[in-house]
Amino acid sequence: MLATLSAEAPRFFTYWNLVFLATALGNTLVMVAVGCGLGVVAGLGLAVLRAKRIVRFAPLRWAAILIVEVFRRIPVLVLLMFVFFTFQLLGLNVRALFVGALAILLRSASLFAENFRAGLESVHPNQWDAAEVMNLGPLATLRRTVLPQAWPVILPPLTIGLVGMVKATSLASQISVLELTFAARQLNQRGFSALIAFGTILVLYFLLSFAIARLGAFAERRLVPKHRRA
Amino acid sequence: MGYTFQWGQATGYIPYLAGGALVALQLAFFGFAIGMVIGAACAAVKVYGPRAARRAVDGYISFFTNTPLLVQIFFLFYALPDAGIFLDSYEAVLAGISLNASAYLAEIQRAGFISVRRSELDAAETLGFSRLQTIRHVVLPHLLKTLYAPLANHYIVMVLGTSIAAIFGVEELTGRALNINSITFRSFEIFTIAAAMYVVLTVAASASLYWFGLYAFRVRAKVF
């Protein structure tokens with residue numbers, strides 16, 4: 001197995017193949033960055049919409065719950081198809097990369113909303129009362145009182161969720177987004193062995209996930225005081 | 001918009017899709033069962049094994065949790081034939097799902113193993129329990145209670161994960177949706193129904209796992 005690998009390597013790692021893989025890696029990164037970046041914001045927004053202390057209007061809270069409960073129960077592959085064919089229905093001509101990023105956004109927003117909600121609920125209600133006594137508005141309470149105490153609960157599952165999203169982008173290959181998995185299939189179909197084609201992108205995915213895990217650890221160091229880290 | 005909905009063409013296939021949902025549940029169940037066995041072995045090695053073996057298991061777990069399931073299955077499906085191992089699509093998908101699950105289940109079970117406190121075991125010894133009695137009356141009830149919620153959770157996640165099988169031609173819920181799509185071309189309608197079925201399926205699975213946990217182990221598990 002190793003012998004075939006080393007025999008094939010010089011033919012596989014040529015300049016243009018590396019450019020091809022780099023383009024694919026770039027598209028994967030775009031989907032992760034755009035989808036998850038907006039997903040974190042939207043997830044926080046959905047969690048806040050669900051918070052009784054902030055939103056007094058019950059139907060708005062129910063709407064937020066419905067969105068989260070529906071979208072986190074749909075597999076990424078089905079979500080991709082759904083978004084893909086919704087644009088067909090609307091008659092809009094968008095790039096496949098955009099569809100991929102949007103599906104990742106919908107999924108990550110609904111998953112992260114649950115993480116944020118668990119974090120917000122982990123803060124004792126007295127903290128909200130105390131902040132209210134200090135005449136802080138609901139959003140100021142959230143930013144200055146609740147979130148700083150919620151980070152220890154939010155960050156670890158959020159990091160795992162982000163790694164999960166990196167892995168979920170591999171499904172965008174099914175709607176022909178040129179990302180890592182799609183690139184590996186193309187290289188495989190051009191005659192390179194599955195071992196080297198898929199092996200290479202497995203390493204790339206691993207490095208990407210590892211980098212995100214490090215990023216999560218860094219955020220934890222910055223936002224969570226030492227005695228509260230797991 | 002210029003698009004006319006034709007729900008009638010899609011709704012006729014709902015029983016066919018429901019059959020696919022059963023395949024999804026079954027695939028997740030087999031994957032879960034195999035993953036539990038491999039995961040338990042890995043967890044035991046991680047807690048009690050020698051250093052080198054622990055390192056190896058760590059590598060195994062971080063490989064399977066940090067790379068996409070889809071690529072793992074591609075690898076099994078396309079690279080193993082070079083080594084003389086031929087898997088059909090269902091077997092390759094099941095193998096991929098099981099191996100992937102085993103890494104996550106190993107971590108969950110390890111957390112359970114180390115959560116059994118030394119003092120509980122000491123208390124059992126003081127009461128004169130034999131080794132088997134200790135396992136039966138002290139360790140197992142504790143494990144079932146602490147592990148039920150995360151395990152049930154992971155099962156639901158796996159049910160959603162089985163949709164990947166469609167890419168390899170296994171006719172579960174998503175695979176059947178793709179089939180119908182290529183017959184009727186009512187794509188939007190079909191995938192709306194398929195998505196709704198996944199929501200109903202996982203809500204039903206969550207509810208039944210919650211009730212099962214409540215009656216069998218008296219755990220109020222928050223299931224997905």
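Chain A contains 9 helices and 0 strands, where helices (H or I, at least four residues) and strands (E, at least two) are DSSP runs numbered from the N terminus. Along the sequence, the pattern reads α-α-α-α-α-α-α-α-α. The model is a predicted one, in which local features need pLDDT of at least 70 and side-chain atom pairs count only at pLDDT 80 or more, whereas totals for chains, interfaces and linings use all residues. Residues are numbered from 1 along each chain as its sequence is written, and chains are lettered from A and ligands numbered from 1 in the order in which they are written.

The C-alpha atoms of chain A occupy a box of roughly 70 × 50 × 25 Å along the principal axes. Of its 230 residues, 42% are buried (20 or more other C-beta atoms within 10 Å of the residue's own, with C-beta atoms placed from the backbone).

Helix α2 (residues 15-50) and helix α3 (residues 58-71) of chain A have axes that come within 8 Å and cross at roughly 135 degrees. This angle makes α2(A) oblique to α3(A), a class left after under 35 degrees (roughly parallel), over 145 (roughly antiparallel) and 65 to 115 (roughly perpendicular). Axes are lines fitted to C-alpha atoms, for helices over the stretch in contact, and angles run from 0 to 180 degrees between N-to-C directions.

From α2(A), A:Leu46, A:Leu49 and A:Arg50 meet A:Leu60, A:Arg61, A:Ala64, A:Ile65, A:Ile67 and A:Val68 of α3(A), contact requiring C-beta atoms, placed from the backbone, within 7 Å.

Conventions. Contact = placed C-beta atoms within 7 Å. Buried ≥ 20, exposed ≤ 12 C-beta atoms within 10 Å, placed from the backbone.
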